[in-house]
Amino acid sequence: MMDHFWRCASLHIEGYGDDIEEIVSSCITTDKAPLLRRLSIHNISCSVPSVHDGEAEILDAFLSVFAPQLMSLHLEGCAFNWDIVCTRLAPHTPLLSSLHICNFHIQSAASIAQLLSVLESLPRLKDLRLQNSFASSETDWNMRPHKVLLSQLTSLVFESSAVAGAMFLAALELPSLAKLEATIDVGQLSTDIRKFMEGVRLATCRMAHLPYLYIYYGHRLLILHSNHHHCFSALQVTFKNWALRDPAVSDTRFTNLIRGIADVAVLQKMQDLKVSLPISIERRLAADAWAYFLSRLKKISFISFGTHCPVFLIRTLLLDACHSNEGTQVQSRLLPSLTQITLPSIPELKVLIDILADARGQVGIPLAVSTISRMRPRHAGPPVEVVREIVLDWIADPMVHSIPGDSTWFVDDEGTDSDKADEIDELLDGLDNE
């Protein structure tokens, strides 16, 4: 069959690495594939690592075939010469618009400089997906600032470290970008998060404004997800391996992240915000972080809280309303457009939100509050009057960096057991099906 490679319009090769190498070698009986439009090589070796765990070596000669009609190239579990892609494949595939590269091992990755050279040689790219495909090297740190224009790229999906991702995004100019998804190994340095979010800001600066944002933490994943009216993902960042450090150790990663989100221009006109953050994450924030976040995202009109309610965000809004009422301002400085909050049916949380609604009402901004009904009754807590007194004492001392009352007051215990299935998996599965 491979004797007729030159007649193929679409070729998909799937198998173990050594079998793929044999098939690919048999294709090199011609230096032309004039009809080829789609080429996909899927190495399944990683599914049986004890038997087949190597990447398939793709010969330079195969990537040098003249394929003037090739529009889609997908390589999974393949090792190849990145320089050949730039010098031979790119000139021979002038119509290439979809490139997917997934490596098993980061050892097979390109340097950022190599990757940028490849992308610069493929100006018609519209769809780019990279997994374990690039990493920062010593040469990248000395790289002179150079922007690569991908004028037709609409979808960019990649996985990398925070450092490599920041350098990669900062080097791209993407005037047509409509979708950005990144999975980031968070690392330990807070400066890496700041630089990465600056890269996100630059890469998305020409995207359409996004009306919705979901911020979620659970199971060592911190997810930012934004889309157009819940229809399709336009911006998603998943920080993996976000481990919680010893509280005695300074950790400003989340502060840099929250401030970085607020600086992303496409999010500054969003109207809907959903947040689910445990206190172990939220208490790491600098005292002014939420105020900075909310002051930049002034168009928010609706907030929804998930399993873990961000009590310090709520307190920031409440203190702002109280200070506005005491001063000469006629309305709150933060979120003047906020009209509705939806929360789990937790009595203690309802007390806190009702205090917020009263305070905002006194400065002329009515706030509607609705609750999501529970499938099973919650364990009985203290009387509402006791909770209200404790909450008011907590609000009066803004230096306190812990939640009022019992640690379970503001956690929806109904959602805790199914957190991963109901929130993370449902979110990610929905994105995979797009």
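**A helix and its surroundings**

Guide: In helix α12, the buried residues are E348, L349, V351, L352, I353, I355, L356, A357, A359 and R360. Please bear in mind throughout that this is a predicted model. The helix covers residues 347-362, which gives it 16 residues. From its first C-alpha to its last, α12 reaches 23 Å, close to the 22 Å expected at 1.5 Å a residue. After the helix comes G364, and the phi of this residue is positive, near 85°.

The chain around this helix may be described next. Its secondary structure comes to 15 helices and 20 strands. The chain has 434 residues, of which 49% count as buried. It exposes about 19600 Å², and carbon and sulfur atoms supply 53% of that area. Among contacts between residues at least 6 apart in sequence, 78% join residues at least 24 apart.

Helix α8 is mostly covered, with 9 of its 10 residues buried. The buried residues are R253, F254, T255, N256, L257, I258, G260, I261 and A262. Helix α8 (residues 253-262) also has a partner in helix α10 (residues 289-296): their axes come within 8 Å and cross at roughly 10°. Because angles under 35 degrees count as roughly parallel, α8 is described as roughly parallel to α10. On the α8 side, the contact is made by T255, I258, R259, I261 and A262. On the α10 side, A289, W290, Y292, F293 and R296 take part. Sorted by class, this contact has 7 nonpolar, 1 polar and 2 charged residues. Of the α8 residues in the contact, T255, I258, I261 and A262 are also among the buried residues of that helix.

N241 is located in the loop between β16 (233-240) and α8. This residue has a positive phi of about 60° although it is not a glycine. Its relative accessibility is 35%, so N241 counts as partly exposed.

A further asparagine shows a positive phi as well. N132 has a phi of about 50° although it is not a glycine, and its place is the loop between β8 (127-131) and β9 (134-135). N132 is also one of the residues touched by A109. Leaving aside residues up to four places away in sequence, A109 touches W82, N132, S133, F134 and A135. A109 itself is found in the loop between β6 (98-102) and β7 (110-111). With a relative accessibility of 19%, A109 counts as buried, because the cut-off for that class is under 20%. A109 and A135 are 26 residues apart in sequence, yet their C-alpha atoms are 6.3 Å apart in space.

Notes. Residues numbered from 1 in each chain as written. Predicted model: local features only at pLDDT ≥ 70, side-chain atom pairs only at ≥ 80, totals over all residues. Heavy atoms only, no water. Helix = DSSP H or I, 4+ residues; strand = E, 2+ residues; numbered from the N terminus. Expected span 1.5 Å × (residues − 1). Buried < 20%, exposed > 50% of the residue type's maximum accessible area, 1.4 Å probe, protein only. Axes fitted to C-alpha atoms, helices over the stretch in contact; angles between N-to-C directions. Parallel < 35°, antiparallel > 145°, perpendicular 65-115°, else oblique. Contact = heavy atoms within 4.5 Å. Nonpolar A, V, L, I, M, F, W, Y, C, P; charged D, E, K, R; others polar. Areas by Shrake-Rupley, 256 points an atom, 1.4 Å probe, with all protein chains shown as cover.
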